[in-house]
Amino acid sequence: MSKKTVITGATSGVGKATAIALARHGHELFLLGRNQNKLQETQQEIQNALPQARVHCIVADLCDLASVKAAADEISTHTDGIDVLINNAGGIFGSFYRTNDGLEEAFQVNHLSHYLLTRKLFPLLEKSGAGRIISVSSEAHKMGKIDFDDLSATKNFNGWRQYGATKMMNILFAFRLHHLYYKRNGIASFALHPGVVRTKFGANNGGYLSFFSWLPFLKTPEQGAETSIFLATEPMENLTSGSYYKDKKIASPHPKTLDLSYQEALWVQSKVILKRKGFL
Ligand SMILES: NC(=O)c1ccc[n+]([C@@H]2O[C@H](COP(=O)([O-])OP(=O)(O)OC[C@H]3O[C@@H](n4cnc5c(N)ncnc54)[C@H](OP(=O)(O)O)[C@@H]3O)[C@@H](O)[C@H]2O)c1
């Protein structure tokens, strides 16, 4: 039977390349994106190449917690099981912006909305019997510093520092999921760095990252997608849940990501915020 895969940020860059490759592997896809037209273009592109591909478009704005919850509800009307969830969407934001949910944008898009999506889709991942959750992080997590009393970084905001902090959150979240669920429910969890990839990443910053975009050593989106595809398709006996991968191999994350108290603190704080806002 074909695998069912949910992927965020499927309309561009690494996420789009991952979706196209997984369609080639026969996965039925649930593409999440904030823009209906871009979703339909991506769906069309996949179906032009692979007419038999099964692709669903689900609108979800990760700046809007209600939209994330609605997307999870919509997915559960299409299927009663999910094999792979790829938390891929993300961005770096040059200035402080508070979403309508009252949270800083990078914290919400890169971490909290994925936390909510994962928790809402958990029953479907459990039903597949051997679900996998893949969190697309970055080596930039190594410059991240998390203030657990101020996850939205309201004091002395710096876009790079906050990006690094949210990418560290991706790894803490992935490792916490592993500790909580791998032995108990058989759900595996991985984090990864895709490489330095020529995508639209950073384009929302008035181009302050465009300096990097012409560097010759950048990966193509297809190359940047390779580790996500590997973790989604490789037999489980060749993988290690609870690990951080780079170039399809286990790599060393920042030592702080291995700290169980850090992992738990992020889990608890995220839960508290979402409970207070009525989403859990
Ligand atoms: N590129 C790199 O060198 C690099 C390096 C390390 C890690 N990463 C990570 O790789 C992941 C993918 O990035 P990329 O390089 O492929 O960048 P990208 O081309 O900018 O793609 C980012 C994706 O996230 C989506 N997204 C952003 N904000 C959203 C929101 N509010 N709601 C819903 N979707 C939203 C975008 O949607 P739209 O299409 O609507 O804009 C897009 O599909 C990110 O997590 C990034 O941190 C990238």
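Lys248 sits in the loop between strand E7 (243-246) and strand E8 (249-251); helices (H or I, at least four residues) and strands (E, at least two) are DSSP runs, numbered from the N terminus. The model is a predicted one, where local features need pLDDT of at least 70 and side-chain atom pairs count only at pLDDT 80 or more, while totals for chains, interfaces and linings use all residues. Residue numbers start from 1 along each chain as its sequence is written.

Lys248 has a phi near 65 degrees, a positive value in a residue other than glycine. Lys248 is partly exposed, with 15 other C-beta atoms within 10 Å; with C-beta atoms placed from the backbone, 20 or more others within 10 Å make a residue buried, 12 or fewer make it exposed, and anything in between is partly exposed. Ala153 also has a positive phi, about 50 degrees, although it is not a glycine. Ala153 lies in the loop between strand E5 (132-136) and H5, and is buried, with 20 other C-beta atoms within 10 Å.

Next come the helices. The axes of H4 (residues 105-127) and H5 (residues 159-185) come within 9 Å and cross at roughly 15 degrees, which makes H4 roughly parallel to H5. Axes here are lines fitted to C-alpha atoms, for helices over the stretch in contact, with angles running from 0 to 180 degrees between N-to-C directions. Angles under 35 degrees count as roughly parallel, over 145 as roughly antiparallel, 65 to 115 as roughly perpendicular and the rest as oblique. Among the residues making the contact are Phe107 and Tyr115 of H4, along with Tyr163 and Phe173 of H5; residues are in contact if their C-beta atoms, placed from the backbone, lie within 7 Å.

H5 has another partner in H8 (residues 260-276): their axes come within 9 Å and cross at roughly 95 degrees, so the two helices are roughly perpendicular to each other. On the H5 side the contact includes Met169, Leu172 and Phe173, and on the H8 side Tyr262, Leu266 and Trp267.

Leaving aside neighbours within four places in sequence, Leu32 is in contact with Val6, Ile7, Thr8, Ala10, Ile58, Ala60 and Ala71.

Terms used. Contact = placed C-beta atoms within 7 Å.
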